[in-house]
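This report describes selected features of the structure shown below.

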Amino acid sequence: VTGPLDFDALASRKKLESIGNVVLVGSGKGGVGKTLVTCGLALSLARRGLRTAIFDMDVHGASVPSYLGVKPPVRSSADGLEPKRKEGVAVMSLALFTGENPIPVRGQSKQGLLTQLFSLTNWGELDYLVVDLPPGTGDELLASLSLFGHKSRMILVTTPSKDALGVVARLGRLARAEKLSVAGAVINMAYVRGRSGKTFPFGRPDKTKISRALGAPIVAELPLDPDVSSKGISKVLASDTGISQGILSLSRLVMKGHDRRAGVPKRGNRRSR
Amino acid sequence: LHELGIAQNIVESAMDEAAKAGARRVVSIEIDVGELMQLEIPVLENALAALMVDPRLRGAQVTVRSVPAKFSCNRCGSEWGMDEARQQLGLVAENLRVQEPDSVELPLHFLPSLFPVFLKCPSCGTADTKALDGESIVVRRMVME
């Protein structure tokens, strides 16, 4: 044999054997709330005692670490790079190696970087890996399909804005063309709750129309809630808010019909399942 | 520690290739280690020797070669090597270095493709650069029978 052996891909496949379910959170559009949904879903699953991690696949605009308040440095052990922990959720992101520096890498390098980071991370055994995808349908999305395709489902995130919806619908079409199941869609910034009740910054969302455009059931409508910025997602989830109710519906959908431990063999029981 | 993980991956990949090819045994493996990763080659060699216990791999001749790093600028076309790069890598913030149990390593030790984050063109200062050689670790050649 001559030529490079892709041992990162082989190592990634082995890591994936210990992960039960992969949920890709994507939109195709920037600024619609993918990271809010990713972090909310992961924290919600972890609060149910499920072994949960977040893989931030946004190369150029990684924001999961700052969203959850986890910081460099990363430690390594005999088992690989140790993810950061936030309330039971393991977190790995390129931003944990680059801090505030921009990551000016070209397309071809991105898939390699993400595959390497996934394969080097000590994820342990997981019930759920929640993946925060960047905007667009380019390298990072294609890398996620290569890494997780057969084991993953997608959650689409949109706002009710007509412009956002058109872009998110494109991602939905690509996902279906790639035979990826789109489990549901979240409408973010659906309303703002004020003293006089709900107001709708993008107009009242037509759920039937949005669902039809995205080809997926609407699982939650999340408000634009300033408390997410001021208090943090963790505190918002802990109280009875539109965000916490919506994320609860989403986590129920994600868990529905799935063996929570599917694909995660118990130690010493690998062959009997 | 990272050398041990790499050795494990090489051994598993070699086993995988041998199985795919239906080979009885691996005669030799040639590995190129990019200088940018700053791996300890003797440590990698020792780890490989310790891990190659499968009958198909035992006795295979292992050659590990260090490949000098060479970079080029996509804007002005300048080329430079590890000496210039080392000066810039010395400036990487302490909090971005990975904490190993007995050492502290640059992020590039694990993720060499991140080099444009830390290395700029010494001539024009752009981060729009590419590695011509010595960036990664590659199993260059494997002979089986």
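## Chain B as a whole

The model discussed here is a predicted one. On this basis, chain B contains 4 helices and 8 strands. Their order along the sequence of chain B is α-β-α-β-β-β-α-β-β-α-β-β.

Along its principal axes, the C-alpha atoms of chain B occupy a box of roughly 55 × 35 × 20 Å. Of the 145 residues in chain B, 50% are buried.

## Two helices of chain B

Helix 1 (residues 2–21) of chain B and helix 2 (residues 41–51) of chain B have axes that come within 9 Å and cross at roughly 45°. This angle makes helix 1 of chain B oblique to helix 2 of chain B. Their crossing is right-handed.

On the side of helix 1 of chain B, the residues that meet the other helix are B:Glu3, B:Leu4, B:Ile6, B:Ala7, B:Gln8, B:Ile10 and B:Val11. Their partners in helix 2 of chain B are B:Val43, B:Leu44, B:Ala47, B:Leu48 and B:Leu51. Sorted by class, this contact comprises 10 nonpolar, 1 polar and 1 charged residues.

## Individual residues of chain B

B:Gln38 is located in the loop between strand 1 (26–34) and helix 2 of chain B. Although B:Gln38 is not a glycine, its phi is positive, at about 50°. The relative accessible area of B:Gln38 is 33%, and the residue is therefore classed as partly exposed.

B:Ser72 belongs to strand 3 (residues 70–73) of chain B. Is B:Ser72 buried or exposed? B:Ser72 is buried, because its relative accessible area is 6% and the class covers values under 20%. Apart from neighbours within four places in sequence, B:Ser72 contacts B:Ser78, B:Glu79, B:Trp80, B:Thr129, B:Lys130 and B:Leu132. One of these, B:Thr129, is 57 residues from B:Ser72 in sequence, yet their C-alpha atoms are 5.7 Å apart.

## Helix packing in chain A

In chain A, the axes of helix 5 (residues 107–120) and helix 6 (residues 139–148) come within 9 Å and cross at roughly 40°. The two helices are therefore oblique to each other, and their crossing is right-handed. Helix 5 of chain A contributes A:Gly107, A:Lys110, A:Gln111, A:Leu114, A:Thr115 and A:Phe118 to the contact, while helix 6 of chain A contributes A:Asp139, A:Glu140, A:Ala143, A:Ser146, A:Leu147 and A:Phe148. By class, these residues are 5 nonpolar, 4 polar and 3 charged.

A second pair consists of helix 7 (residues 162–177) of chain A and helix 8 (residues 207–214) of chain A, which pack at an angle of about 45° with their axes 8 Å apart. These helices, too, are therefore oblique to each other. The contact joins A:Leu165, A:Val168, A:Ala169 and A:Arg176 of helix 7 of chain A to A:Ile210, A:Ala213 and A:Leu214 of helix 8 of chain A. Its residues divide into 6 nonpolar, no polar and 1 charged.

## Covered helices of chain A

Helix 6 of chain A is largely enclosed by the rest of the structure, because 7 of its 10 residues are buried. The buried residues include A:Leu141, A:Ser144 and A:Leu145.

Helix 2 (residues 34–47) of chain A is mostly covered, with 13 of its 14 residues buried. Helix 2 of chain A reaches 20 Å from its first C-alpha to its last, close to the 20 Å expected at 1.5 Å a residue. A:Gly49 follows helix 2 of chain A and has a positive phi, near 85°.

## Backbone features in the loops of chain A

A:Pro73 lies between helix 3 (64–68) and strand 3 (75–77) of chain A, in a loop. The peptide bond from A:Pro72 to A:Pro73 is cis, and its omega is near 5°.

A:Lys179 is in the loop between helix 7 and strand 9 (181–194) of chain A. Its phi is near 60°, a positive value in a residue other than glycine. With a relative accessible area of 77%, A:Lys179 is exposed.

Key: Residues are numbered from 1 along each chain as its sequence is written. Chains are lettered from A and ligands numbered from 1 in the order in which they are written. This is a predicted model: local features need pLDDT of at least 70, side-chain atom pairs count only at pLDDT 80 or more; totals for chains, interfaces and linings use all residues. Side-chain values use heavy atoms; hydrogens and water are left out. Axes are lines fitted to C-alpha atoms, for helices over the stretch in contact, and angles run from 0 to 180 degrees between N-to-C directions. Angles under 35 degrees count as roughly parallel, over 145 as roughly antiparallel, 65 to 115 as roughly perpendicular and the rest as oblique. A crossing is left-handed if the near helix is turned anticlockwise from the far one by less than a right angle, and right-handed if clockwise. Contact means heavy atoms within 4.5 Å. Ala, Val, Leu, Ile, Met, Phe, Trp, Tyr, Cys and Pro count as nonpolar, Asp, Glu, Lys and Arg as charged, and the others, Gly among them, as polar. Buried means under 20% relative accessible area, exposed over 50%, partly exposed in between (1.4 Å probe, protein chains only). The expected span of a helix is 1.5 Å times one less than its number of residues.
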